[in-house]
Structures are given as structure tokens and as C-alpha cells.
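Visitor: I have a protein to go through and would like a plain tour of it. Can you put it up?
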Amino acid sequence: KGRAMCCFGTRVFLLMLITVLSFVFAKLWPVLPVVGYYFILANLLAILMFSLFFKGLLPSFVKVNAIHYFSLIGGFLGAFLTMIVFKKVAKDKFNLTELIIFLIWVVILLVVIFKFQAILDIFRGI
């Protein structure tokens with residue numbers, strides 16, 4: 001149990017780290033909004049974690065589902081890029097899970113793009 005908690009704690013820490021860094025980068029270099037920096041950092045983190053996973057450099061207690069977390073938090077493009085680079089694209093449960101996560105993010109992005117004004121209006125009302 002302690003190892004699973006360690007892995008969970010690490011994932012939560014990394015999520016909080018990229019979130020905080022997104023705000024810091026947006027403040028220091030206001031070229032992109034916070035969400036843009038978050039998206040970049042989430043994908044860089046996914047590339048790092050998927051690479052370590054495929055190279056077998058993560059501790060043995062890190063399970064496959066822990067790796068899916070990094071694409072789920074927004075690193076879905078980095079995850080797919082790394083899967084292609086490491087030639088890990090196959091018809092299996094791992095890839096199906098990644099495809100589902102990818103499709104969920106595509107739907108979210110499409111909703112945000114096409115309903116952006118309505119979303120802004122909701123946040124202005126808060």
C-alpha cells in the first residue's frame with residue numbers, strides 16, 4: 001500500500017507542479033494564457049513519463065494505469081507521440097485506453113472552441 005500511495009502522491013505532486021508552473025510562466029511570459037502553458041507542460045510531462053515507462057526505467061510498482069494518468073491530465077498528444085516514437089502502437093488494452101482518453105480530450109477541446117463565448121459568459125457571472 002505504501003508504494004501505491006507513493007506513486008499516487010508523485011502523480012498529484014506533478015499535476016500540482018505543472019499547474020503552478022503554468023501560472024508562473026503566464027505571469028513571466030504572457031505570450032500564452034495559463035491553459036496554453038499547462039497544455040505544453042502536461043504534454044512534456046507525458047513524454048517524459050511514457051519514455052521512462054517504455055524504457056523500463058520506472059520502479060516496478062508503477063502500474064500501467066498510473067501511466068494513463070499523464071495523458072488523462074492533458075498530455076494525450078505527448079503520450080501518442082511517445083507511443084509512435086517507441087513503436088508501442090498496437091491493438092491492445094493500453095492503446096485502447098489511450099485512444100479513449102484522446103477522444104475525450106478532442107470532445108472537450110471542440111466544446112471549448114465552439115462554445116467559448118458561452119463558457120466565458122458563465123465565468124463572468126461567477
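Guide: What follows is a short walk through the fold, the helices and some side chains. Note that this is a predicted model.

Visitor: Fine. How many helices and how many strands are there in the protein?

Guide: The protein has five helices and zero strands. Read from the N terminus, the order is α-α-α-α-α.

Visitor: What size of box do the C-alpha atoms fill?

Guide: Along the principal axes, roughly 45 × 30 × 30 Å. The accessible surface is about 8600 Å², and carbon and sulfur atoms account for 78% of that.

Visitor: And what share of the residues is buried?

Guide: Of the 126 residues, 32% are buried. As for contacts between residues at least 6 apart in sequence, 62% of them join residues at least 24 apart.

Visitor: Let's take helices. What does α2 span from its first C-alpha to its last?

Guide: Helix α2 covers residues 34-54, which is 21 residues, and reaches 30 Å. That is close to the 30 Å expected at 1.5 Å a residue.

Visitor: Which residues in α2 are buried?

Guide: The buried ones are G36, Y37, Y38, L41, A42, N43, L45, A46, M49, F50, S51 and F54. Just after the helix, G56 has a positive phi of about 75°.

Visitor: Now α3. How far apart are its end C-alpha atoms?

Guide: They are only 18 Å apart, although α3 has 22 residues. A straight helix would reach 32 Å at 1.5 Å a residue.

Visitor: Where is the kink in α3 centred?

Guide: On G75, and the kink is about 130°.

Visitor: What comes after α3 with a positive phi?

Guide: That is K87, with phi near 55°. K87 is not a glycine, yet its phi is positive. The residue sits in the loop between α3 and α4.

Visitor: Is K87 buried or exposed?

Guide: K87 counts as exposed, because its relative accessibility is 72%, and the cut-off for exposed is over 50%.

Visitor: Back into α3 itself. Where does T82 stand, buried or exposed?

Guide: T82 lies in helix α3. Its relative accessible area is 3%, so T82 is buried. Leaving aside neighbours within four places in sequence, T82 is in contact with A46, I47, F50, S51 and F54. Of those, A46, F50, S51 and F54 are on the list of buried residues in α2.

Visitor: What about I67, buried or exposed?

Guide: I67 is also placed in helix α3. At 0% relative accessibility, I67 counts as buried.

Visitor: Which residues does I67 touch?

Guide: Not counting residues up to four places away in sequence, I67 touches M49, F50, F53, L58, V62 and F94.

Visitor: Switching to aromatics. How many aromatic pairs does the count come to?

Guide: The count is 13 aromatic pairs. One of them is F25 with W29: the ring centres are 5.6 Å apart and the planes are at 50°, so this pair is tilted.

Visitor: How accessible are F25 and W29?

Guide: F25 is partly exposed at 23% relative accessibility. W29 is partly exposed too, with a relative accessible area of 49%.

Visitor: And what kind of pair do F80 and F102 make?

Guide: Their ring centres are 5.2 Å apart and the planes are at 80°, so the pair is edge-to-face. The pair links distant parts of the chain, with F80 in helix α3 (residues 64-85) and F102 in helix α4 (residues 93-114), 22 residues apart. F102 counts as partly exposed, at 24% relative accessibility.

Visitor: Which residues do ring pairs link into a cluster?

Guide: F39, F76, F80, F102 and W105.

Terms used: Residues are numbered from 1 along each chain as its sequence is written. This is a predicted model: local features need pLDDT of at least 70, side-chain atom pairs count only at pLDDT 80 or more; totals for chains, interfaces and linings use all residues. Side-chain values use heavy atoms; hydrogens and water are left out. Helices (H or I, at least four residues) and strands (E, at least two) are DSSP runs, numbered from the N terminus. Buried means under 20% relative accessible area, exposed over 50%, partly exposed in between (1.4 Å probe, protein chains only). Contact means heavy atoms within 4.5 Å. Accessible areas come from the Shrake-Rupley method with a 1.4 Å probe; for residues, only the protein chains shown count as cover. The expected span of a helix is 1.5 Å times one less than its number of residues. Rings of Phe, Tyr and Trp (its six-membered ring) pair if their centres lie within 6.5 Å; planes under 30 degrees apart count as stacked, over 60 as edge-to-face and the rest as tilted. The bend at a residue is the angle between axes fitted to the seven residues ending there and the seven starting there.
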